Amino acid sequence: MTEPRLHHVGVVTLFPEMFAALTDWGVVGRAFKQGMCDLSLVNPRDYATDIHGSIDDRPYGGGPGMVMQPALLDCAVDHARQRAGADALVIAMTPQGAVFDSQMAKDLVEHPALIFVAGRYEGMDERFVERSVDLELSIGDFVVSGGEMPAMLAIDAIVRWLPGVLGHADSAVQDSFSEGLLDYPHYTRPEAYCGRQVPEVLLSGDHGKIAGWRRAQALWRTIARRPDLMTAEALSQEDRALLRLWGLD
Ligand code: SAH
């Protein structure tokens with residue numbers, strides 16, 4: 001694996017305050033506070049030239065809603081680029097983009113700098129997208145009212161891959177999707193809870209056996225819940241044997 005090297009995230013947003021959800025909490029918040037990655041927020045409204053500070057306008061051709069003006073978005077991206085560096089990749093959040101996943105998060109953390117553009121209203125003028133956007137990303141086949149939360153989700157998923165962000169070096173690798181499988185189930189104290197016991201094997205202290213059980217669980221869950229990720233037919237001989245051993249075939 002090449003060394004991840006993301007060091008700057010820029011965001012173009014009409015609601016920069018929302019990004020406190022990303023910078024003030026949890027492991028990703030700590031990564032930003034400790035300067036493992038810089039975050040700069042640029043508001044296109046700051047470049048508005050009329051007295052109302054408008055950034056949107058009515059759509060050509062009529063119809064409902066308003067459209068974000070291309071020149072203001074370009075001004076904001078240029079400004080973000082001054083802080084992020086000329087080689088920053090510009091990513092527009094849109095339900096029409098490629099659906100974001102774990103592999104994209106791992107790929108994007110290899111870029112030195114990323115600039116996310118969060119849309120509002122009906123979206124962005126298409127000429128801005130054509131001219132200035134390198135990648136369009138969606139967080140799924142549904143529509144939310146702004147690109148801020150989609151951008152935050154993507155940034156969180158990407159920054160987790162920076163070395164040192166998660167407490168334990170292996171955490172990200174063990175998480176769901178990282179190896180094409182869902183995660184195995186987790187248990188903590190107490191040993192018995194409302195009549196349900198922690199699986200015996202986890203108390204055995206036999207690390208090889210525990211690793212085997214966990215892999216069997218991850219395989220079983222993935223096949224049962226996400227046949228798009230893994231099917232029983234695709235299992236190796238070894239994994240088949242593992243499922244048989246744990247009565248999951
Ligand atoms: N008219 C647009 C939706 C606009 S929603 C369309 O149908 O394609 C307003 C903004 O919210 C979008 O510009 C985008 O930035 C953001 N957004 C909404 N749903 C999203 C999704 N699934 N993924 C990423 N961004 C989304």
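## Helix α3 and its surroundings

Helix α3 is followed by Gly85, a residue whose phi is positive, near 110°. In this predicted model, α3 itself covers residues 70–84, and its 15 residues reach 20 Å from the first C-alpha to the last, close to the 21 Å expected at 1.5 Å a residue.

The buried residues of this helix are Leu72, Leu73, Asp74, Ala76, Val77, Ala80 and Ala84. They pack against the strands β1, β2 (38–42), β4 (67–68), β5 and β6, and also against helix α5 (126–132).

In soluble globular proteins, nonpolar side chains tend to be buried together. The largest nonpolar core here has 30 residues, and those with the most contacts inside it are Leu6, Phe116, Ile155, Ile158 and Val159. At least two residues of this core come from each of β1 (8–12), α2 (26–33), β5 (89–99), α4 (102–108), β6 (113–117) and α6 (148–159), with α6 giving the most, namely six residues.

Leaving aside residues up to four places away in sequence, Ile158 touches Leu6, Phe100, Ala105, Leu108, Val109, Leu114 and Phe116. A second, separate core of 22 residues includes Met68, Leu73, Ala80 and Val117; of these, Leu73 and Ala80 are among the buried residues of α3.

## Salt bridges

Side chains of opposite charge can pair when their charged atoms come close. A search of the whole structure finds seven salt bridges, one of which joins Arg120 to Glu148, with the closest N and O atoms 2.9 Å apart. This pair links distant parts of the chain, since Arg120 sits in the loop between β6 and α5 while Glu148 belongs to helix α6, 28 residues apart. Both Arg120 and Glu148 are buried.

Arg127 and Asp125 also meet through their side chains in a salt bridge, at 2.7 Å from N to O, and Asp125 counts as buried because its relative accessibility is 15%, under the 20% cut-off. A further salt bridge, at 2.8 Å from N to O, brings together the side chains of Asp175 and Arg160. Here Asp175 lies in the loop between α7 (171–174) and β8 (192–193), and Arg160 in the loop between α6 and α7, 15 residues apart. Asp175 is partly exposed, with a relative accessible area of 23%, and Arg160 is likewise partly exposed, at 26%.

The domain assignment of the chain gives domain 1 (8–159) and domain 2 (179–245), whose C-alpha centres lie 38 Å apart.

Gln217 lies in helix α8 (residues 207–225) and counts as buried, at 13% relative accessibility. Beyond residues up to four places away in sequence, Gln217 touches Tyr184, Pro185 and Leu248.

Terms used: Residues are numbered from 1 along each chain as its sequence is written. This is a predicted model: local features need pLDDT of at least 70, side-chain atom pairs count only at pLDDT 80 or more; totals for chains, interfaces and linings use all residues. Side-chain values use heavy atoms; hydrogens and water are left out. Helices (H or I, at least four residues) and strands (E, at least two) are DSSP runs, numbered from the N terminus. Buried means under 20% relative accessible area, exposed over 50%, partly exposed in between (1.4 Å probe, protein chains only). Contact means heavy atoms within 4.5 Å. A nonpolar core is a set of buried Ala, Val, Leu, Ile, Met, Phe, Trp, Tyr and Cys residues joined through side-chain atoms within 4.5 Å. Domain bounds come from an automatic or database domain assignment. The expected span of a helix is 1.5 Å times one less than its number of residues. A salt bridge is a side-chain nitrogen of Lys or Arg within 4 Å of a carboxyl oxygen of Asp or Glu.
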